[in-house]
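Thanks for coming. I will go through one structure today and keep it short. Please have the picture open.

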Amino acid sequence: MKQRSSFLLFSAALALIVAGCGKQEAASTGGDTIKIGMAAPLTGTQSHIGQDIKNGTLLGVEELNAQGIEIGGKKVKFELMAEDDEANPAKATTVAQKLADAKVVAVVGHFNSGCSIPASKVYADAGIPQISPGSTNPRYTQQGYATTFRVVANDDQQGPAGATYAINSLKVKKVAVIDDSTSYGQGLASAFERTVKAAGVEVVAVEHTTDKDTDFAAILTNIKSKNPDLIFFGGIDTQGGPMLKQIQSLGLSAKLMGGDGIQTPNLVHLAGDAAEGTIASIPGLPKDKMPGGTAFLDKFKKRFGVEVELFAPMGYDAVFALAEAMKKAGSTESAKVLAELKKVQFNGVTGPVAFDDKGDLKNGPITINVVKGGKWVPVETINGGANPAPAK
Amino acid sequence: METLLQQLINGIVLGSVYALVALGYTMVYGILGLINFAHGEVVMVGAMVTLAVIKLLAGSGLPLAVQLLIALGVAIPACMALGATIERVAYRPLRNAPRLAPLITAIGVSIVLQYLVVLIWGRGYHPYPELLPTTPIDIAGARISPAQIIIVVFSALMMGALLWLVHHTRLGRAMRATAENPAVARLMGVNVNHVITMTFVIGSGLGAIAGILVSVNYSVAHYQMGFMLGLKAFTAAVLGGIGNLAGAMVGGLLLGLIEALGSGYVGDLTGGVFGSNYRDVFAFIVLIVVLIFRPSGLLGERVAERA
């Protein structure tokens, strides 16, 4: 009996503390609270990328709050509602509905193209603007929804940029292409394939794997027999790492090239020496070449105690694009914000941010990186917006 | 020619991995008529425990071979204990329940184990140290690494050792008796519970070694690695005739070869209509065809369905 009453007392005390916390927060706000949604894979094999985006957006929200933004003459406070889509398309739509039901003004997300595309219907139906920090599949902005935006170059820009580098700088004659059967991987690989073919480069093999496989011996052996100068892989680091190891052990001389999905420290971590010389394109300028680059990297490190992985600057810029649109609109109504978002123009951390009529980033620059001495080193920047290949 | 040889090597290595894991499925099925879906996860735990031990020993300055022996000395007993615990906690209480119940429990155990590993080691892909020499050797233009040779030789040895165990030891005789009729075996003085526990212990010990070999070969380990591997190994066991030790080996090798040759040549033979993405499709088509003509698998014996 005594034990039970002390338990009751404890829970009552806990309830008081929790209630107290809530009250304190509400008191300090003063103005309206504006909810901004965020969705990315916060758990799972891509959690390192998702957490990075979440931290980037959180940093943006915290800075806006510190600046004390006024919208329509009223002081407002932003609040981030972060949701985990587990890189799973089905989960992504559930999470999107949850954000829509919570009446967020806008959403920064998702990361995977395979998640952003199905989720975009939910946001479009609810009239909520969606800015993806990392989805590069062209289809995302080509579905006819007015609510889709992205702050990265898409694969119709990224794939050709990689191809341009392969043709002009590496002077390749024969290439093999592998994709991981995801929206992202297939989109990137086929954009690359189209561009090299158009330039008269021979595509000797087109192979497919999945985003869960770690055995590529059979397809690599087939590729080896055709002796290409370069292997292009549309996929992410968790497959790229073991693939590089197997390329080395099967004795292929061709280098591996990929997109932003393999341009991570994790790839080098997984592949070790075998990563040396691997080439990857990544939307945006090199982290330290971004207009707000080094300052951002320092701020990020100070706030979270970790280095920027990849997409944090894009998440950060997405938040500022939204704030800019809200200020212009003088409102936090999704419809009015949406109208202004189309006209937004400002200098973000990643470079000038402005959207074209489909919601794609205008003139998104693309940087080619190569692994040298176990580190990704930028070697060339290609302006992706200059010469995008026509989409299918 | 070189390419064909390389694809055959790829297939045999992959097939030996399947065979090694399939032995664990087939042993349990042979005795209990139970498909232990958690076996793939035991394989994964074996890889993870070894990785953890190696990481602990990393700064010790011991030679790699000694480190590997210590890691094996921890991982194998750990997996054996895990196997015995799974049997005691999840399967024994359901031994006389309808067959569907232990099957569902097995899937449950498999999920529990995956997420236990997530809690301890996280969801990331872990790079696996080169515990065995992986510098490839050239054979007529094709390449095979010592680690891969060890995988092939080890699977064959293990199958041989298990066959010997089952046919030439006291425990083996007790196993065969239990497989035939547990009730009669018990009347003859066989400690059936002990026999079943030993089956799980041996199978799980093998699983631990399989996990290490697979991870060394692909130089990566993650919490979901056991799932697909388990499914393929189960397919291999069914293909060869589940419950039959030699069948697990035959089924594993066959499946590995079909996958390697399938994804290697299908694209070229069909002029790009079917690509390497049809790899699993071909493997399962072969399984279906075999099951239509030989429902008990290639080497399986026709046995009356147990009640």
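This is a predicted model: local features need pLDDT of at least 70, side-chain atom pairs count only at pLDDT 80 or more; totals for chains, interfaces and linings use all residues.

Residues are numbered from 1 along each chain as its sequence is written, and chains are lettered from A and ligands numbered from 1 in the order in which they are written.

Chain A first. Chain A splits into domain 1, 32–153 + 288–361, and domain 2, 156–283 + 366–386; these bounds come from an automatic or database domain assignment. Between the C-alpha centres of the two domains of chain A there are 28 Å. Where they touch, domain 1 of chain A supplies 14 residues and domain 2 of chain A supplies 15 residues. Contact here means C-beta atoms, placed from the backbone, within 7 Å.

Which helix gives the most to the domain 1 side of chain A? Helix H4 of chain A, residues 113–126, with three residues. Helices are DSSP runs of H or I, at least four residues, and strands are runs of E, at least two, numbered from the N terminus.

Now chain B. Chain B has 11 helices and four strands. Its C-alpha trace spans about 60 × 55 × 35 Å along the principal axes. Among contacts in chain B between residues at least 6 apart in sequence, 75% join residues at least 24 apart.

That is my last slide.

Notes
Two residues are in contact if their C-beta atoms, placed from the backbone, lie within 7 Å.
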